[in-house]
Amino acid sequence: MGKGQAQIANTIRTLRFHAGEMTQAALAERVGVTRQTIVAIEQGRYSPSLEVAFRIAKAFGVPLEQVFQYEGDIG
Amino acid sequence: MSYKQWNVVLTLASQVLIAGWLIWDAMVAPSAGAPVSAVAAKLLWAGLVMIIISIAAAIGAAIVGSIVTREEFKDERADERDKAIYARSMRNAYFVSSIAGLGALLLIAFGYDPVAAVYALFIGGMLAGAVGSVSQLVYYRIG
């Protein structure tokens, strides 16, 4: 949320597909957030906290950088 | 829309309803010259009515929502996004509320009818609530 949110891309939709078309509700349940929050993260409208980001990565069993990629400039 | 968003919409609707009634009341029976205590008591009743309408609307939304979605339509536990949106909305509401408080003080300081200051405080509070509700709906949409 807030500044820089559009500069963080994610592959949640792809990861859900490879996880047997896991539903947004199922992912939300596993991560411990609402389905609306998963929808917002997936669409790039909300950047989650580091903790939630790690929980999403853990739900798919992949490293964090495979789920989120920073696309902005540094410095 | 989620339960939280429906609740915000219904709260906003009740605020608009009460504001409409207050404006109509002020136009039909202007309170200029009326005792401050009488006006304050009337506005307190308006506040009470607003709380009752909000509770009834929330219960009604849960019942109608459950019938329409054919599953229990209930509030979910707020997560970090809900809390962030609420905090940002409250910041906007606080800004409006502060201006209303300042406006009420200025009205009294410049010798206007204290009744006007009471109205400014109440309407400012309602406006702050409405701004908070609209902010929540906007933040839920844009992130």
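User: Hi! Where does UniProt place the HTH cro/C1-type domain in chain A?
Analyst: Hi! The unreviewed UniProt entry puts that domain at residues 22-67 of chain A. UniProt positions follow the numbering used here, feature names are shortened, and annotations may be inferred rather than shown by experiment. This is a predicted model, where local features need pLDDT of at least 70, side-chain atom pairs count only at pLDDT 80 or more, and totals for chains, interfaces and linings use all residues. Residues are numbered from 1 along each chain as its sequence is written, chains are lettered from A and ligands numbered from 1 in the order in which they are written, and side-chain values use heavy atoms, with hydrogens and water left out.

User: Thanks. What is the helix and strand content of residues 22-67?
Analyst: That span of chain A is 67% helix and 0% strand, and its end C-alpha atoms lie 15 Å apart. Helices (H or I, at least four residues) and strands (E, at least two) are DSSP runs, numbered from the N terminus.

User: At what angle do H2 and H4 of chain A pack?
Analyst: About 115°, with the axes of H2 (residues 24-31) and H4 (residues 50-60) 9 Å apart. Axes are lines fitted to C-alpha atoms, for helices over the stretch in contact, and angles run from 0 to 180 degrees between N-to-C directions.

User: Which residues make the contact?
Analyst: H2(A) brings Leu27(A), Arg30(A) and Val31(A), while H4(A) brings Val52(A), Arg55(A), Ile56(A), Ala59(A) and Phe60(A). Contact means heavy atoms within 4.5 Å. By class, six of these residues are nonpolar, none polar and two charged. Here Ala, Val, Leu, Ile, Met, Phe, Trp, Tyr, Cys and Pro count as nonpolar, Asp, Glu, Lys and Arg as charged, and the others, Gly among them, as polar.

User: And how many residues of H3 in chain A are buried?
Analyst: Six of the eight residues of H3 (residues 35-42) are buried, so this helix is largely enclosed by the rest of the structure. Buried means under 20% relative accessible area, exposed over 50%, and partly exposed in between (1.4 Å probe, protein chains only). The buried ones are Thr37(A), Ile38(A), Val39(A), Ala40(A), Ile41(A) and Glu42(A).

User: What do they pack against?
Analyst: In chain A, strand E1 (8-10), helix H1 (12-18), H2, H4 and strand E2 (68-70), together with H3 of chain B. Just after H3(A), Gly44(A) has a positive phi of about 75°.

User: Zooming out, in what order do the elements of chain A run?
Analyst: From the N terminus, they go β-α-α-α-α-α-β, giving five helices and two strands. The radius of gyration of chain A is 12 Å, close to the 11 Å from the globule rule for 75 residues, so the chain is as compact as a globular protein of that length. That radius is taken over C-alpha atoms, and the rule is 2.2 Å times the number of residues to the power 0.38. Of those 75 residues, 44% count as buried.

User: Switching to chain B: which residues does the transmembrane annotation cover?
Analyst: The unreviewed UniProt entry lists residues 43-68, 93-112 and 118-140 of chain B. Residues 43-68 are 100% helix, with end C-alpha atoms 36 Å apart. Residues 118-140 are 100% helix too, and there the ends are 33 Å apart.

User: Is Ser14(B) buried or exposed?
Analyst: Ser14(B) is buried, at 2% relative accessible area. This serine sits in H1 (residues 3-28) of chain B and touches Met50(B), Ile53(B) and Ser54(B), leaving aside residues up to four places away in sequence.

User: Last one: where is Gly101(B)?
Analyst: In H3 (residues 80-109) of chain B. Gly101(B) counts as partly exposed, at 22% relative accessibility.
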